Structure formats: structure tokens, C-alpha cells
Amino acid sequence: MKKLFLYTLLFFWCCVVSNNANAVVKKHAGTGEIHLSKKIIDEYFHYITRPLNELPLVFFISEDKKNFYSVIINNDGGGYAGSGTISKKKIKCERKLKQTCYLFSNIRYIVWDNGINPFDAKVSKLNRKISKQDLILKLTKLGFILNEEQQALKKKKVAKDKKQAKEKAAKEKAAKEKKLADEKAAKDKKLAEEKAAKDKKLAEEKAAKDKKQEELDKKLSLIPEDTDLTKAQNFLNEVKNFISLYPEEFDIIKVSEFFIKTKPILDGNLDFKLIEDLDLFKKYVKSSEKFIAYHQDIEKKKIKLKLDKINNLYSDIEQNIKIIKGFLGSKPDSIYLEEWLNNYKNAKLIINDPSSYNQLLVLYEDLEKIIAKKNEVDTVILEANDTIEILKAHLKVHLLTDLAPSLIEQVKLLEEAVKKEKAKDIVVANKAAKEFIYKSIEEPKLKEAEKKKLAEEK
């Protein structure tokens, strides 16, 4: 019976202790590592060791862990501070300290969770009569104060962290500087490449433009320039036409005097005195911007006409060269093959570097003759082949008659003429073959038909 009573008493005591531990409110309690300063340790000691008539209610520590805020009330025998009380006092703490506050101790029960504090009443709860030395030992054991060895290690760690942070900062700075340098180098390279590409493009465009201008100048140079007399006559006619369009642009008296002085030029004369008068006349009319624009427009039109003329001739020659090249592929067994090949090569040489417009004109005419000759031969050969087919058709009919040898002979003569590709000979042979067909075959048939018709009518 006594044993049962002891067990019951022990169980009840454990429940009470447990309930007391669980009754501690930890709302807004701080977390993480914290090492209390001497000032906070002194104030916390003062907070804990209040006389019996005073109750240390809550002890807060600021977010930067450098300041504190404590509340002490009259001891009325109450228990731990509740959630509402903690929240109200926390607001007051934050107003006073101007930063977030975290609960360190609820009455004398340390609620800060630093990973070492076990939240056990035997360890975490402090006695009002604790000495300063015992408090320091307790806080050290709970990890809230560093001993000399830990302080040394902390200093060492802090020094190491500072060094690593400094090295890291140096590396980051070097990396950043390198990145900036690389980016600048890449940007400079890109700009240089873009500039080089732009310069290359401009150079290519200029080269193409220069080449085009060179080709243009070369083409224009192929057409002979007008004589001095022709140029002078053209100028006078140009001024005459301009005045008819813009009669108010010049002083008509002055212009008339110039026309009288230079009239012999229109009649085909051009001496030293007339050249001087003409130069004065040119100087006078060129004082007008409107005439200069008119003259430039005419010159542009003249250049265009010249270019059209030379370009059309180039186009015609290139087309003829293409046709003759086609002859080489389509008639490789022609007797004219060598002639076509030589003319093709010669035409390619001339058109690539002509010496004059007349040379191109002669070349065009020569190629036209070759093409015309080829077309003529093709035409008479076509007609001759038709006649050959007619002869062969008659040969089938008269194969066993006296006409057969003559028909065969006509076929051979005509085929031989076609083979020689002489238009004149082919025409003669074709004419002879057609006359033979008429006299030997068609005419007798007509006579026989006429005779039969007369007999039937009689």
C-alpha cells in the first residue's frame, strides 16, 4: 500500500513538472545563435534577481542583438506571461528600440531557441537567488556566452571569415573587372569588326561604282566625239531653243548681238575670231542657273542616247554570239564548223575589249551575214529534203520501170548537193529534180488525162 502511494505521488509530481514546462509561452521567442554582451548579461542578472515582491515578466532582445527591453511588475503570484501580454510588450519594445524585438525569457524561463537550449525547466529555468558567476556558467552551458576558448575560436573564425570575405571580395572585384574588360574587349572587337565590315562594304561599293563608271566611260569612248564645229553648232542651236522656251531669261539685244557675231558657225565656218566670240557667248549664257540646268539635262539625254545606242549594239552582238554557239552544238559535222568557231572566238575577244563603235558595228554585220547564210542554207536544205522524199515516193511506184535509174540518179545528185551545204548548188539541183519529176511523171500523166477526157467527150 505504501509503494502504491509513492508511485502515485511520483506520477503526480512528474505531471506537474511537465505541465509547468509546457505552460511556458514561447510566442515571439528568438531563434538562432546569439552571444550576450556584458551589458545584456548584467541587465538580465538584475532582471532575474528581483526581490520577492517583484515579478520579472518578459525580457526582449533587439534584432541586432545589442539592446534589450525588460518588463518587471508587482508579484501577485501569477504564472508565465501569456501570448497577449507578450505581443503587447513586444510592440512597446519595438517602439522604444526602433527595431524588431524577440522574446528571450518568459519570467525566468529562457525561451530563446539557439539549438542548444533544451527547454527543460531544470536547465532553462533560472533561480531568483542565482549568483552572477552561476548565471554566467549557466548561460555559457546553454550556448549564450562564449568561454575563453570559444571566444578565441570565434575571434579566429571572425578573422578567417573576414579574410575569406576580403579574398572573396577581391576575387569578385577581379572577376568583375575582368568581366568588364572582357565585355569592353568584346565590344571593341565587335565595333572594330563592324567598322571593318562597313569599310569593306564601302570599299566594295566604291570599287563597283568605279568599275561601273569605268565601263560607262569606256562605252562612251567607243562613239567618236563630235568635231569642234559640230559642238559649236549644237551649242548655238541649244541657246536658240532655250530662248524660245524662256524669252525673258536673257537680254534679247545682247543675245542677238552674239548670234550675229557667231552666225558664220552655223554656215560651217570656225576660225580663231569665231571661237573667241563663241567663248564669250558661252560665258554670258552660263551666268543663268536656269540655262545651266537646261544644258545639263540635254547633256544627260545625249549620254543616255549614246549608251542606249552602244548597249543595244552590245545586246545584238551577244545574241548573235549565242546563236552561233548554238550552231556549234547542233551541227558539229557541218562544213562551216571551223568558220563558225573562228568567228565565235573573234567575237568574244572583240566584245570584251572593243576598240571603237565601228569595230562593234562591223562585227555585228559579219555575224548577221553568217546567221543569214546559215538560215538560207537551212531553208533550201529543207526544201531539198522535201523533194528527196517526193523522188523516193515515185521510186516506189516506178521501181520496175525505165524511170527507176533516173529517179535514183536525181536522189543522189540532190543528196550530194545537200551534203556540200552550198545554197546555190542546192537550189540548182532542187530545181533540176523538180523539172525531172514534172516532165517525166506529172506531165505525161496530165497529157494522158487530157487525152482520156477528149475521148470521153467525143
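# Briefing: helix packing, a disulfide and selected residues

Cys 93 and Cys 101 form a disulfide, with their sulfur atoms 2.0 Å apart. The structure is a predicted model.

**The disulfide**

- A search of the whole structure finds 1 disulfide, and its partners are Cys 93 and Cys 101.
- A disulfide is a covalent bond between the sulfur atoms of two cysteines.
- The torsion about the S-S bond of Cys 93 and Cys 101 is about -80°, so the disulfide is left-handed.
- Cys 93 and Cys 101 are both buried.

**Packing of α12 against α13**

- Two packed helices are described by the angle between their axes and the distance between the axes.
- The axes of helix α12 (residues 357-397) and α13 come within 10 Å, and they cross at roughly 160°.
- Helices α12 and α13 are therefore roughly antiparallel to each other, an angle over 145 degrees being counted in that way.
- The crossing in which α12 passes α13 is left-handed.
- On the α12 side, the residues that meet α13 are Ile 381, Ala 384, Asn 385, Thr 387, Ile 388, Leu 391, Lys 392, His 394 and Leu 395.
- On the α13 side, their counterparts are Ala 404, Leu 407, Ile 408, Gln 410, Val 411, Leu 414, Glu 415 and Val 418.
- By class, the contact of α12 with α13 comprises 11 nonpolar, 4 polar and 2 charged residues.

**Packing of α13 against α14**

- Helix α13 (residues 403-420) and helix α14 (residues 423-457) have axes that come within 8 Å and cross at roughly 165°.
- Helices α13 and α14 are therefore roughly antiparallel to each other.
- Their crossing is left-handed.
- From α13, the contact is made by Leu 403, Ser 406, Leu 407, Gln 410, Leu 413, Leu 414, Ala 417 and Val 418.
- From α14, the contact is made by Asp 425, Ile 426, Ala 429, Asn 430, Ala 432, Ala 433, Phe 436, Ser 440 and Ile 441.
- The residues of the contact of α13 with α14 divide into 12 nonpolar, 4 polar and 1 charged.
- Leu 407 of α13 takes part in the contact with α14 and also meets α12.
- Gln 410, Leu 414 and Val 418 of α13 likewise belong to the contact with α14 and to the contact with α12.

**Packing of α7 against α10**

- The axes of helix α7 (residues 228-245) and helix α10 (residues 289-330) come within 11 Å, with a crossing angle of roughly 125°.
- That angle makes α7 oblique to α10.
- Helix α7 passes α10 in a right-handed crossing.
- In α7, the residues in contact are Asn 234, Phe 235, Glu 238, Val 239, Asn 241, Phe 242 and Leu 245.
- In α10, they are Lys 290, Phe 291, Tyr 294, His 295, Ile 298 and Lys 302.
- The residues of this contact of α7 with α10 divide into 7 nonpolar, 3 polar and 3 charged.

**Positive phi at non-glycine residues**

- Ile 107 is not a glycine, yet has a positive phi of about 60°.
- The loop between β3 (101-106) and β4 (109-110) holds Ile 107.
- Ile 107 counts as buried, at 8% relative accessibility.
- Glu 421 has a positive phi of about 60° although it is not a glycine.
- Glu 421 has its place in the loop between α13 and α14.
- With a relative accessible area of 7%, Glu 421 is buried.

- Lys 261 is found in helix α8 (residues 252-266).
- Lys 261 is partly exposed, its relative accessible area being 47%.
- Leaving aside neighbours within four places in sequence, Lys 261 is in contact with Leu 274 and Asp 277.
- Lys 261 and Gln 133 are 128 residues apart along the chain, and their C-alpha atoms are separated by 134 Å.
- Ser 356 is found in the loop between α11 (337-352) and α12.
- Ser 356 is partly exposed, with a relative accessible area of 23%.
- Ser 356 and Lys 218 are 138 residues apart in sequence, while their C-alpha atoms are 9.6 Å apart in space.

Note on methods: Residues numbered from 1 in each chain as written. Predicted model: local features only at pLDDT ≥ 70, side-chain atom pairs only at ≥ 80, totals over all residues. Heavy atoms only, no water. Axes fitted to C-alpha atoms, helices over the stretch in contact; angles between N-to-C directions. Helix = DSSP H or I, 4+ residues; strand = E, 2+ residues; numbered from the N terminus. Parallel < 35°, antiparallel > 145°, perpendicular 65-115°, else oblique. Left-handed = near helix turned anticlockwise from the far one by under 90°. Contact = heavy atoms within 4.5 Å. Nonpolar A, V, L, I, M, F, W, Y, C, P; charged D, E, K, R; others polar. Buried < 20%, exposed > 50% of the residue type's maximum accessible area, 1.4 Å probe, protein only. Disulfide = S-S within 2.5 Å.
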